[in-house]
Amino acid sequence: MTGPPPPIGFIYENMGIDQPYPTGYDLSYGPGSAFMPQPHNLPVETKTSDSDSSSSSSSSGDEYELPASTAQHQQYHFSDDLLGGCWQHCSASGPFPAGMVRAGVDADGSPIFAGRAFHEGEMLPAKVIPAQNAAYICWGGEEIMKEEFEVLRAGDFVWEFATGGVVPEGAVKIGATVDGEPLYMGRALHAGTQTPGKVHSSHGCLYIPFGGAEISYAEYEVLCLK
């Protein structure tokens, strides 16, 4: 990454926090009312959702199954614009927390979850695929894998249809460009998948990372607060 981070999200070492670097289960920040954490050093209960992602507007609180014995975290509360959810630091090697927000499905049926990552001074929406131990953003015409990223957890969300770079009322601001333009998470059906990406309003479209490329769609769904 080059340049300072935009005024959203965080880079942990820049927060001035005298704490160990967070693991995949450490809550990076988020309103306490949005996600009620378990007491320190106690397992977090997990479950597997029976529902699959749909191309129509739907609630997206699916959870990814994890061994309860490893689900431990510490609490780090920082200010963010997000209401109804929280962000948690992760890495490509895992582990991945329970309660991640479902954003789509890959061609092999693997669930895709909502995330974001820094790249070239921007905070960009990311597709997180635990089955591949991977997260991807799109930037500069390319699909780029990220080793460090955040996942969206908890909250009550829906997907609403939009076109031409427009975002509905209640759209969740996922990130921002280096110039400060807000970026939102959208998703579209592509090549047998339901793939999330970034809604770039000034470009009038959704961009998704897929097959090594950045692919645009004029029609898409947008992640919104319910």
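The chain has zero helices and 15 strands; both kinds of element are DSSP runs numbered from the N terminus, a helix being H or I over at least four residues and a strand being E over at least two. The model is a predicted one, in which local features need pLDDT of at least 70 and side-chain atom pairs count only at pLDDT 80 or more, while totals for chains, interfaces and linings use all residues. Residues are numbered from 1 along each chain as its sequence is written, and side-chain values use heavy atoms, with hydrogens and water left out.

Of the 226 residues, 51% count as buried, where buried means under 20% relative accessible area, exposed over 50% and partly exposed in between, for a 1.4 Å probe and protein chains only. The accessible surface of the chain is about 9,700 Å², and carbon and sulfur atoms account for 51% of that area; areas follow the Shrake-Rupley method with a 1.4 Å probe, and for residues only the protein chains shown count as cover.

Strands pair if DSSP finds at least two bridges between them. Strand β2 (residues 86–91) runs antiparallel to β8 and is joined to it by six bridges, with W87 opposite L152. Strand β4 also pairs with β8 in the antiparallel sense, over two bridges, and here R116 has E150 as its bridge partner.

Side chains of opposite charge can pair when their charged atoms come close. The chain holds four salt bridges, each a side-chain nitrogen of Lys or Arg within 4 Å of a carboxyl oxygen of Asp or Glu. One of them joins the side chains of E150 and R116, at 2.7 Å from N to O. This pair links distant parts of the chain, with E150 in β8 (residues 148–153) and R116 in β4 (residues 111–119), 34 residues apart. Both E150 and R116 are buried.

Another salt bridge connects R187 and E221, whose closest N and O atoms are 2.9 Å apart. R187 belongs to β11 (residues 182–190) and E221 to β15 (residues 219–225), so the pair ties together parts 34 residues apart in sequence. R187 is buried at 2% relative accessible area, and E221 is buried at 7%.
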